[in-house]
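The stops below are given in the order in which to select them.

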Amino acid sequence: MTPPPIILNHLTLQHGAQTVIRDLSGRFEPGTMTALLGANGAGKTTLLRAIAGQHPIAAGNIDTGGLTPAGIAVLPQISELDRGFPITCRDVVALGQTGRTGLFRSISAPRETDAALAAAGLPGLAARPIGRLSSGQFQRVLFARMMLQDAPVLLLDEPFSAVDTATARDLIAILANWRAQGRTIVTALHDLELARELFPQTLLLAGQATAWGPTATVLTEAHRQAA
Amino acid sequence: MIHDILLAPFALGFMRRALAGCLALSVAAPPLGLFLVLRRMSLMADVLQHGVLPGIAIGATIAGLSIWAMGLGGVLAGVAVALLAGWLSRRTGGREDSQLAGVYLLALALGVTLISAQRGIDLTHLLFGNVLAVDDTALFAMAGVAAVTLPVLALIWRPLIMESLDPGFMAATGGNGGLWHLTFLALVVLCVVAGFVALGTLMSVGLMMLPAIAARHWSATLGGQTRASVFLAVLASYAGLLLSYHAELPAGPAIVLTAGGLWLGSLAFGPHHSLIRPA
């Protein structure tokens, strides 16, 4: 599982009338884990969506090396999902296969689904409606769905912002495992300490002053600029 | 005695046809209502039931009280209103509900004006329907709508769930959410027009929305809510027609009143999110 790198060429993105990312170039290499940092409104979510082909590109381009849409899995912020929808954990996770099977073919795979839920730390909750889960449990369900998506490129939007410490620790272990399998991982974060500890690469979005490279270097520069 | 109350009325041909028509509607419409509720589009049902009236009026003007002419006019007007509502909300950003309210008031007034300009067409017949006057043509039309709605809904079931739960995920897996949404709205328009035949334009979505709203109190899964909504709609059709027969009430309002009673009962005593069992 070694996907092509994702290459940004002079990428400019707009959110409404406002330019949030201007002339950004660089590469996300396979088998790397990149923290995407920046203040609210700096364009983290917009960039993730653009890579997934869900946000129009104002200028420049993104080269995903011919990956199909199903090859790029997105984990949205949980606030973007309708958690009142009457559906069980098992069904949400099973829908993860849809990218590979298409919308109409059978996706019945109870063993994989239950195994993914167990691996995400929710054994025995397969039949529970998502409306009765805590935020941490719901985030685990979305990670289980991502396991079934089995995509070589994984984009995660603030996966640790609404979860407790124990859940964050489990989810981080899953991320590390995905990285060891050679997948490309980009994670929007707001926690600098977490980025420093776990993510070897960092892309810091801050208007004109973006920085991209090894986390230690980027965060040092960021601190120097802030000082 | 029990036979006299529960079964004997349906020995009459017009009662049997009314029951058959309402059952067709009860099987097809409530699952659509369920998705309208889940997608926070309940108001759309009201908009469409009024929105089809100008089309029905124009159909009646051209061809008299023909089911096919009124039905075709209603479907075209409904699709136009659905597209207009979607376009308005995209162009103006938010405040969709107020624009929808504007659209349906305008459509209702326009429809009533068009019908009143005609001599020989009974306005109350179109506004309140007359399920006891359902003839074979109308019955086939209603059964036809159900026969189209159910397989198409089964086909778009998974995309609709994905789009409702997590639109971004739908887009990321290569699905075109807009296409499924429009297909879904077309089915809603068909069922609104079929409902018009039985319940009239002011209550045509009674069997679509009330059982769907009530179903939320009976199950925590979509499959369970679908079964509950269809069961409640069937019950409301049967009990409403009996109520209408024995109490000599107009049939359409009797059916919608029964459905409303079932909703209030579910709201108070259902096993989920009800007044006796909150959350």
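Start in chain A with helix α1, residues 44-51, which lies across β1, β2 and β4 of chain A. The helix runs at about 125° to β1(A). Bear in mind throughout that this is a predicted model.

**The sheet under the helix**

Three strands of chain A make an open sheet in the order β2-β1-β4, with antiparallel pairing. Its edge strands are β2(A) and β4(A), the latter at residues 59-63, and each of these pairs on one side only. On average, neighbouring strands in the sheet are turned by 25° against each other, direction ignored.

Select β1(A), residues 6-15, together with β4(A): four bridges join the two strands, which run antiparallel.

Next, go to Q18(A) in strand β2(A), which covers residues 18-28. Is Q18(A) buried or exposed? A residue is exposed if 12 or fewer other C-beta atoms lie within 10 Å of its own; Q18(A) has 9 such neighbours, so it counts as exposed. A distance to draw from here is the one to T184(A), 166 residues apart from Q18(A) along the chain: their C-alpha atoms are separated by 29 Å.

**Helix α4 of chain A**

Select residues 110-119 of chain A, which form helix α4, and colour T113(A), D114(A), A116(A) and L117(A), which are buried. Turn the view to look down the axis of α4(A): the buried residues fall within an arc of 155°, so they line one face of the helix. As a rule, residues three or four places apart in an α-helix point the same way, because there are 3.6 residues a turn. To see what covers the buried residues of α4(A), show elements including α2 (89-94) and α5 (135-149) of chain A. After α4(A) comes G121(A), where phi is positive, near 90°.

**The nonpolar core**

Which residues touch the most other members of the largest nonpolar core? They are L155(A), L48(B), V188(B), C191(B) and I255(B), in a core of 149 residues. Helix α10 of chain B, residues 177-199, gives the most to this core, with 15 residues.

Centre on L155(A) and show its contacts: leaving aside residues up to four places away in sequence, it touches L48(A), I51(A), A52(A), I72(A), V74(A) and V186(A).

**Chain B as a whole**

Along the principal axes, the C-alpha atoms of chain B fill a box of roughly 60 × 50 × 30 Å. Of its 279 residues, 48% count as buried. Among contacts in chain B with a separation of 6 or more, 71% join residues 24 or more positions apart.

**Where the chains meet**

Bring chain A back. Here 19 residues of chain B are in contact with 20 residues of chain A. On the side of chain B that touches chain A, select α8 (136-165), α9 (167-172) and α12 (222-247), the elements that give two or more residues. Finish on α8(B), which gives the most to that side, with six residues.

Note on methods
Residues are numbered from 1 along each chain as its sequence is written. Chains are lettered from A and ligands numbered from 1 in the order in which they are written. This is a predicted model: local features need pLDDT of at least 70, side-chain atom pairs count only at pLDDT 80 or more; totals for chains, interfaces and linings use all residues. A residue is buried if 20 or more other C-beta atoms lie within 10 Å of its own, exposed if 12 or fewer, and partly exposed in between; C-beta atoms are placed from the backbone. The arc is that of the directions from the helix axis to the C-beta atoms. Two residues are in contact if their C-beta atoms, placed from the backbone, lie within 7 Å. Two strands pair if DSSP finds at least two bridges between them. Axes are lines fitted to C-alpha atoms, for helices over the stretch in contact, and angles run from 0 to 180 degrees between N-to-C directions. A nonpolar core is a set of buried Ala, Val, Leu, Ile, Met, Phe, Trp, Tyr and Cys residues joined through C-beta atoms within 7 Å.
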